[in-house]
Amino acid sequence: MKRLAVIGDPIGHSLSPLIHMTWIDTLGLDASYESIRVPAGETEAALDDFTHEGFTGLNVTLPHKQAVLAKATRTSDAVKAIGAANTLTRLSEGGWQADNTDAPGLTAALARLGLTDWVGMKVLMLGAGGAARAGLFALDQAGAEIILLNRTVEKAEHILGECCARQHRSGPLDDLAVHSAEADLIINTTSAGHGGNHIPLPPGEGRLFYDMSYGAPARPQLEHAAAQGWKTEDGLAMLVCQAAESFSIWFDGERPDIEVALSACRTSLEQDA
Ligand code: ATR
């Protein structure tokens, strides 16, 4: 029996157990997936416990995405550039392999919308926190031209240097309307919606406004974007696609069904609303 879990704090509302158990059940695999609350500051001790308890794979969410790196004995290039991991896999020789599947999760979610050819594509990305880092890495690697806007401009400049191999532009969030004119799409990674706020947008004229958040926190921003003529999409498919990448690492390359898990998540969010 393969023992898997997601760790974080808070963790009660995590959709990861639903996503992974949907796949484990439909594929008839001998595995379990639970959610475990691990408070900040207890990351390393918890990982030692999980080793003794025989866990073979962990998803990692806030506030542990950086702290787990102290226990990683192997890290992917994506983890090194992003500075955070969301997937740990127990190695047969001992220790943990750290991966970041948020980056391929974003490109897979955008590919579902027909966005596959990124070379020369102009992406306006909003926010320079933890969620932005994986997105920057993924789209820089894919060949996009990024303009990164953030309330605190210095943070934008800093993470571009850390997460991207190529040169991109940055600026203050207040310049959104100016840069929007040349953007093919906008990706919002800010947590503005969690405070019930939204970032004012100029007219979208049918372009894509992609929000990495989902559920209630995403709603005010997506409703405003739709009213301004943007085609909108929330981050739920990205969540499912990053989970699929983790699943594939743990189950020998098995590619699980995105749609079945996505529809289970949508139903669960509707029940909670
Ligand atoms: P996460 O890990 O979800 O990205 P974070 O690291 O706290 O969370 O980053 C939050 C991001 O949302 C930051 O870019 C933040 O802007 P600052 O760097 O200027 O703080 C942005 N953000 C949060 N609330 C916002 C608001 N009301 N308007 C605009 N940007 C906001």
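Let's start with A5. Setting aside neighbours within four places in sequence, A5 is in contact with Y33, E34, I36, F55, G57, L58 and N59. Keep in mind that this is a predicted model.

Where does A5 lie? In strand 1, which covers residues 2-8. Buried or exposed? A5 has a relative accessible area of 0%, so A5 counts as buried. One more distance here. A5 and P17 are 12 residues apart in sequence, and their C-alpha atoms are 7.5 Å apart in space.

Next, S268. S268 belongs to helix 10, residues 258-272. Its relative accessible area is 17%. The cut-off for buried is under 20%, so S268 is buried too. Beyond its neighbours within four places in sequence, S268 is in contact with L15 and L18.

Now the ligand. There are 15 residues around the ligand. Which of them come nearest? A128, N150, R151, T152 and K155. By class, the shell holds four nonpolar, nine polar and two charged residues.

Let's take the atom pairs. For K155, an N or O atom of the side chain is 2.7 Å from a ligand oxygen. For A128, the atom is a backbone N or O, and the distance to an oxygen of the ligand is 2.8 Å. S191 also brings a backbone N or O atom, 3.1 Å from a ligand oxygen.

How much of the ligand does the protein bury? Taken alone, the ligand exposes 640 Å². The protein buries 72% of that.

That's the tour: A5 in strand 1, S268 in helix 10, and the ligand with its shell of 15 residues.

Conventions:
Residues are numbered from 1 along each chain as its sequence is written. This is a predicted model: local features need pLDDT of at least 70, side-chain atom pairs count only at pLDDT 80 or more; totals for chains, interfaces and linings use all residues. Side-chain values use heavy atoms; hydrogens and water are left out. A residue is near a molecule or strand if one of its heavy atoms lies within 4 Å of it. A polar contact is a pair of N or O atoms within 3.5 Å; within protein, one must be able to donate a hydrogen and the other to accept it, and residues adjacent in sequence count only if both atoms are side-chain atoms. Accessible areas come from the Shrake-Rupley method with a 1.4 Å probe; for residues, only the protein chains shown count as cover. Ala, Val, Leu, Ile, Met, Phe, Trp, Tyr, Cys and Pro count as nonpolar, Asp, Glu, Lys and Arg as charged, and the others, Gly among them, as polar. Helices (H or I, at least four residues) and strands (E, at least two) are DSSP runs, numbered from the N terminus. Buried means under 20% relative accessible area, exposed over 50%, partly exposed in between (1.4 Å probe, protein chains only). Contact means heavy atoms within 4.5 Å.
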